Structures are given as C-alpha cells and as structure tokens.
Amino acid sequence: MNTYKTRFRSDLAEGLDIDSFSILIDTATATSVHAIILPPDGTSAQSILSAITSQSGNPASAIRSGSAQGSGTIRSATGSVVTRAPPPPPGQQGFATDPSSPIGHVHISVDNSYSLYVNGAEMGDGSDWSQTDTYDFSAPCGGDLVIAFHGVDAGGPAAGLVSAEHCGYNVISNHNWRCTATEPADGWQDANYVEDASWEVPAHGGTNGVPPWGHRPDMDVPNRNGMQSPSWIWTSDFQGTDEVWCR
Ligand SMILES: [Ca+2]
C-alpha cells in the first residue's frame with residue numbers, strides 16, 4: 001500500500017480551536033487513514049471532522065465520509081484523507097503542484113528492473129538502475145491513487161525508489177508501502193486490491209542519496225517541514241529476494 005500521509009497538521013487545525021492533530025496511515029486499506037485528534041474538552045471528534053472538511057474547501061484535502069468516536073481528551077476519527085503538499089522552500093526543488101490538474105508524474109528507479117503501474121494501468125518498464133525514469137499519467141483528483149511496481153533483481157543490491165506528484169499531493173516509497181516476494185494474484189496493481197494488507201512492511205534500504213544508487217534530484221518532494229525523500233524499498237531479505245511486488 002502507498003498513500004498520502006501527514007502529521008500534526010497545524011495548518012488545517014488553524015481556526016478549529018485546537019493546536020494540531022495527527023493523522024496516521026491505516027495500513028489495512030489503501031484509501032483510509034486514522035486520525036488521532038486532541039480536541040478541546042467538550043468538542044466531539046465528529047464536529048472537528050466536519051469543521052476540517054468545511055474549512056479546507058478542498059474535498060481532496062479533507063477527511064471525507066469519516067466516522068468518529070472517542071471520549072475524554074483523546075478522540076479518534078477514521079476517514080479518507082489525503083494531504084496537500086505545500087510549495088517547496090526557497091532554493092529547493094520540488095514538484096510544481098497543481099491541485100486541479102488530473103495529470104500526475106511518477107518517478108521510479110529499480111535495481112535492476114521494473115514494471116510500473118498506476119491504478120492498475122501499466123506505465124512502462126526499465127532495466128537501468130542508474131537511471132530515474134519519469135512517466136505522466138491521468139487520474140481524477142480526489143480518487144484513488146495506487147502506484148505499484150514489480151521489481152526484479154539481477155545480482156548485488158536490490159531495491160526500488162519511487163515518488164509521484166498528483167493533484168497537489170505527493171507519494172513516496174517508504175514504510176507505508178507493502179511488498180511481497182510471493183507472486184500475487186491478478187489485479188494486485190489495482191486500487192481495490194486489499195490483499196496487500198498481508199504483505200510485509202518493506203525493508204528500508206536508505207533514503208534517496210544513499211550509495212550505491214546516489215542522489216536522484218527528481219525524487220525529493222516538498223512537505224511542510226521542507227523536503228521529504230523517498231526510501232529505497234524491497235522485501236526484508238534484500239540479498240536473497242530476486243523478485244518483489246510492491247505498492
Ligand atoms: Ca541488483
């Protein structure tokens with residue numbers, strides 16, 4: 001699984017009479033997250049959800065069709081959430097984020113080869129780990145966005161690095177993805193594929209820039225704290241697994 005993530009959204013919390021809230025990825029599904037909210041006393045999580053939704057003005061950046069429960073000072077809410085990527089800080093590169101365009105871009109490099117899919121559609125393949133390949137795709141803003149790759153190693157180090165920008169949001173390969181070394185059934189690339197819940201949390205081969213793969217300038221994406229780097233991921237057995245499926 002891969003999805004958008006955010007924590008301590010003080011920007012969205014502004015005007016809600018709360019300092020911040022934390023949103024954690026629900027790793028069980030590709031489209032929902034779990035939000036941990038610290039509201040003022042007497043404020044229900046559901047009312048905060050509603051306020052966040054109406055305040056953001058952008059359905060894709062709000063908690064949609066959420067449900068909420070909780071008591072005391074810590075409340076939780078579950079819904080479908082994606083997070084807006086702010087512009088990169090001065091002097092740093094980032095994607096040009098256009099919240100209204102359905103055209104997205106995905107960058108990928110895999111040691112040694114890959115096939116890349118966006119929402120189940122094959123984008124292309126490559127077999128040169130020293131290259132970063134870029135593909136354009138079109139998907140409705142606010143809908144599912146699942147990026148998946150089938151990677152094959154040919155000896156030595158093995159890992160894949162992915163980042164994408166779509167509708168003003170970013171996706172990067174990291175521990176929120178899921179990988180398997182067992183060939184999955186047809187449809188594993190699709191947005192509605194849920195069996196990836198049983199896949200393993202990918203091993204972390206280092207963030208963009210680590211040797212032997214070097215820094216890939218197209219891969220880092222902006223977040224509210226600066227730039228965020230994707231991780232080189234693979235199944236936990238980097239050396240012993242020659243073929244993986246990740247999403
Ligand atoms: Ca290799």
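The following is a short exchange about a predicted model.

Biologist: What makes the 33 residues a nonpolar core?

Modeller: A nonpolar core needs buried residues of kinds such as Val, Ile, Phe and Cys, joined through C-beta atoms within 7 Å. The largest such set here has 33 residues, and those with the most contacts inside it are V106, I147, F149, V162, C179 and C246. Elements that give two or more residues to this core include β5 (103-111), β9 (147-152) and β17 (243-246).

Biologist: How do you know that C179 touches W199?

Modeller: Two residues are in contact if their C-beta atoms lie within 7 Å. C179 touches W199 by that rule, and its other contacts include I233, V244 and C246, leaving aside residues up to four places away in sequence.

Biologist: Why are β7 and β12 said to stand at the edges?

Modeller: Five strands form an open sheet in the order β7-β6-β9-β17-β12, with antiparallel pairing. β7 (121-126) and β12 (179-180) each have a single partner strand, so one side of each lacks a neighbour in the sheet.

Biologist: What makes β6 and β7 a pair?

Modeller: Pairing takes at least two bridges between two strands. β6 and β7 have five bridges, in the antiparallel sense, so they meet the rule of at least two. The bridge partner of L116 is G124, in β7.

Biologist: How much of the protein counts as buried?

Modeller: A residue is buried if 20 or more other C-beta atoms lie within 10 Å of its own. Of the 247 residues, 41% count as buried. The secondary structure comes to two helices and 17 strands.

Notes. Residues numbered from 1 in each chain as written. Predicted model: local features only at pLDDT ≥ 70, side-chain atom pairs only at ≥ 80, totals over all residues. Buried ≥ 20, exposed ≤ 12 C-beta atoms within 10 Å, placed from the backbone. Helix = DSSP H or I, 4+ residues; strand = E, 2+ residues; numbered from the N terminus.
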